[in-house]
Every structure is written in C-alpha cells, then in structure tokens.
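Visitor: I've got a model open and I'd like to talk it through. Could you walk me round it, starting with the charges?

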Amino acid sequence: MSSDNKERIKKSSEEWFDLIGTGLTWVLMMAVFCALPLFLRNKYDHIAAGKYFFLFETGRWTAVVMGLFAAAYYAGRGLSAAELKARKRIRLVDLSVLAYTVITAISFFFSKYRFVENSLEDEWKEGALWGSSGWYMGLLTYLIMILFYVVMSRFFLYTDRFLIPAFFSAEIVFLWGMLNRFRFSVFKFDGEDPKFLASIGNINWFMGYASVIVPLMMGLYWYRGYRNRLMYGSLLFTGFMTVIVNGSDSGVLALFLTMLFLFAYSLKDEDKIRTFAEMALIFAGGDFLIAAIIKVYKHFLSFEGMLTKILTDIRVASIILFASVGFFFYLYYLKKKEKIYPPFLRDTFGKLVCVLTAAFFGAIILLIVINTKSGGKIPVIGKHEFFMFNREWGTLRGTDWEAAIRLFIAQSPFGKLFGSGPDTFWFLAMDHPDVLAIIKENFHNTRLTNAHCEIFTVLINQGLLGLAAYLAISVSMFAALFKRLKDNPRYMMFILVIIMYHANNLISFEQITSTPFFYMVLGISAAALLRPQVDKQSGR
C-alpha cells in the first residue's frame, strides 16, 4: 500500500473517531442541558432526589460508554503532535481540575462523615459520599461533574449550532418559571410548592440555573452580531425577564456585574458597543414591561426581592429605558453620519464606569460597617435593615456566614486545609452545639446545608486547599479565554458564564441544578479553545 493511501486511511479514521466522539458528547450535552432541567421523576415530591437520580444515571452511563470509547480512541487514533501542543492552552485548567479532584477525594477519605444514617425519608443515603439529603453535592456528584469536564474537553468538537436545543429547553423552563412567578400554576403536581419555580426548585436553585444559561445567550447574541438576531434576541429577552421576575437579589447583582464587564469590553470596538446597546434595549424593554404591569396590578408577582422592587419601580424602569434608547440612537447617529468614534468612549469611559462602580460598592460596604458599629445612628439609612448587619441580614445570610466562620475556626489544622468532607456542612454544625444553637435560633427546624456563599461553603467542606484549587479552575479558564478573545469573540459567552455564575454564588451556593451545567460549560470552553489551534496547526 502506498504512503498516500495510508495517509488517506489514517485521515479518514481520525475523522470517524472525531465524528463519533462529537456525537456521543453531544448526546451527553443534550441529556444535561435539555433533559435534566425538565426531569421530574416523582413530580414535585423530593425534587432534588429526582434530579440526582437522573444525574447519577447519566454519569454512570457516561463513564461506561466514554470509557470504552476513550480506550478505542487513543488506541486507534491517538493524538498528533499539533493536538498535543494545543493541550498547552488548557494545561493550567487541567492541573487545577486534577488538584481539586485529589483534594476533594482526600477530604472524603479522611472525613468522619463519610456515611451518615439518613434521618429523613429519602431513598439516598447521607454523608460525604452522597451529600446531605435533598442536596446531594457529595463526592459522587463532584466526580460526575469532573467527568463531564474531561469528556467534553477531550472529545467534543464545538460549533454554535450544538447549543440551540439547550436554549429551547431553557425557554420552556424560563417561561414556565415566569408564569409561576406571575401566580399561574401551569401544571398541577403532587407535592407542589408555591415557592418552587418551573421544574427547577426554589428561587436560589432557579437563579443558579439561569446564571449559566443567560450569559450563554448574552455571549452568543453579542458575538454573532447580525446573524439570527431575531432568534437570539427573543431568547435573550426571555432570559433577562426571567432574572428580573425571579426576585433573587444575587441574580440581579450577578447580571449587573456581567453586563458591566461586557459593556466595558465592548466600548473598545464601535460595532460591538452597538450590539451591546441593542442588548441593553432588550433588557430595558423587558424591565419596563414588567414595571408597567406591576403599576397596574400591584401584586402581580408572587415574590419581589429588594433589587427587583427597585428595578420594577416604574420611575427607575423609565430612566433605564430612556438611557438605553438615548445611548442606542447616539451610537447609530455616529455610524450614519460617519462620525469618528469618540476616543473617550473607546479608551476611558469603560474604565471610569468600573472604577465608579467599585467605589459605589465600597461605599455601601463602608456604610454598613459604620452603621452597624454605631448601632444604626447614621441619619436616614440608620434603621434600614440592609444597612444593619446582623444575623437576619440578607435573608439570614448573617447567620449563615457567622456559622461558617465559627465552624472554620473550630476545625483542626488538617480540617482547615482539607475540610470536613464534600457536602458535610450540616453534619459538622451538629457536632458544634454553639453553632447549632445559632442555626436553630434563626432557621428553627430547617437544615442549614451550606453557607449561602460558595466560597465559605467550599472552605468548610474542602478546606483552604480545596478552595484554592476550585478558584484556580475558573481563574485559569478565564485567563485562557480572555487571552484569545480578540482573535475569537466566541469565547465571550464562556467568560460571561464564569463571571455570572461566581457573582451569583457569592451570596448563593453550588447545587444540583446549576453546578453540573457550569462544569459542562467549562468542558465546552476547553473544547472550543482546543479546536481552532488543532485546525490551524494540522490543516484540518
């Protein structure tokens, strides 16, 4: 056989392996992004147990199928020199994931809570292996999510069209959730809870899911520009509306910070800032629509957080709308009249807005500290609950954070480094009567399974080393994407997910209906980073 024929056969074999790998990983992506959000095994009874069952079975079959495929892939296809070189792009991410996996495993093996007798009516056991009942963020869940990252990063060949079905599934969830918030019960389920939204769960679970999906929509609209604008715009409109009506203060804050980053970056390019102006109009239009409805029907929403109340005040919504319209037409006036894009906008304005925003949040924190220490004596704001930090602050987040700090201090040196074990926050609290008394005083008979701050929760469960490795995953991925963003604006959608997910979780938490999606996005991000490099160097 001639060398040319051997080369053609080899190339054909590589293409078949790539096609099969992409097909299998796309099926996994659809299972997670399309089926998991909508899956309700026992209707609304034990909603988390149903989600965990689906995730566990998906992870189990992924390990079997992709394990066999990986063996055939590396034995029959292997990796070219160009592909091995391309892996350098995500080396720090891979090392961080590996470190986090090892530390989480050590945390489990040395945990005194590996297996705990289940005190609740649930089919799953409790402990660091499975996690707390109703939460299920134990070792098995982490291993499944890390498996998703590895599989997607190694075998998925990314193109945007693969995400479209995931968005339509999200549209169902978003519309369903908005109807629930508008006091419409779409389906009558056993165990139905008025606090639950769509097929996801409570306000925080729902916002956790949205904190991954909405920034993907934002990034796709931003970088694709004029292509498929109607479809992506309608998706984005629903996503923005969902964040507003959900009522989560952490969600509104996360969306603001995400849009602030996108705004500051877009100012560097005249075309991109016009696209951002369109996105701002979409947000402002949805916000004004909700505000107008609430103006007529005052109790239209079943729940409103502090920031939602501000956003949906008709005066605030009108200011946002007029500012967005004015900015939009100003940019298009510059284009139509062929005016020079102002250097102040391109070089200075974004930095100025970021500095002012940081100063604003710094001033708010300072006011809270001063007002709390003075016993609420600052004029006007002194007696407002937001400016008085105590155990009831932020829907009892003051209690959550105090409990977390006390638990961390109480741990042994080894516990401070490696934690008490995955998802063992509650079990650790039960072993410390002083902390348990604080929790019961404010939460009564409700379990506190996390600190309502992802950083505190990981710190307790996986220790300082686990927290460092976890943050290194996102920081290294962000750096890899941002470094190449100018050459490939597609990466913006993945950057926005990292920002919004972590911004939301600063005052929220990891859970079964958001964190698996985040790890999937990390895997897809890695695949998107690798593919252009491989294509460029190998000629494929």
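Guide: Happy to. The protein chain carries 55 positive and 41 negative side chains, with Lys and Arg counted as positive, Asp and Glu as negative, and His and the chain ends not counted. Each charge is placed at NZ of Lys, CZ of Arg, CG of Asp or CD of Glu, and the centres of the two sets lie 7 Å apart. Before going on: this is a predicted model, where local features need pLDDT of at least 70 and side-chain atom pairs count only at pLDDT 80 or more, while totals for chains, interfaces and linings use all residues. Residues are numbered from 1 along each chain as its sequence is written, and side-chain values use heavy atoms, leaving out hydrogens and water.

Visitor: How many helices and strands are there in the protein chain?

Guide: Helices (H or I, at least four residues) and strands (E, at least two) are DSSP runs, numbered from the N terminus. By that count the protein chain has 20 helices and 0 strands.

Visitor: What is the radius of gyration of the protein chain?

Guide: The radius is taken over C-alpha atoms, and the globule rule is 2.2 Å times the number of residues to the power 0.38. For 540 residues the rule gives 24 Å, and the chain comes out close to that, so it is as compact as a globular protein of that length. The radius of gyration is 24 Å.

Visitor: What share of the 540 residues is buried?

Guide: Buried means under 20% relative accessible area, exposed over 50%, and partly exposed in between (1.4 Å probe, protein chains only). On that scale the buried share of the protein chain is 56%.

Visitor: Is Met 218 buried or exposed?

Guide: Met 218 sits in helix H7. Contact means heavy atoms within 4.5 Å, and beyond four places in sequence Met 218 has contacts including Leu 236, Phe 240, Met 279 and Leu 496. Its relative accessible area is 0%, so Met 218 is buried.

Visitor: How far apart are the C-alpha atoms of Val 32 and Phe 148?

Guide: Val 32 lies in helix H1 (residues 3-38) and counts as buried at 1% relative accessibility. Leaving aside neighbours within four places, Val 32 is in contact with Pro 37, Phe 148, Phe 517 and Met 520. Val 32 and Phe 148 are 116 residues apart along the chain, yet their C-alpha atoms are separated by 9.6 Å.

Visitor: Where does His 444 lie?

Guide: His 444 has a phi near 60°, a positive value in a residue other than glycine. At 53% relative accessibility, His 444 counts as exposed. As for its place, His 444 is in the loop between H17 and helix H18 (454-483).

Visitor: What is phi of Thr 395 near?

Guide: Thr 395 lies in helix H14 (residues 393-410). Thr 395 is exposed, with a relative accessible area of 69%. Its phi is positive, in a residue other than glycine, and near 55°.
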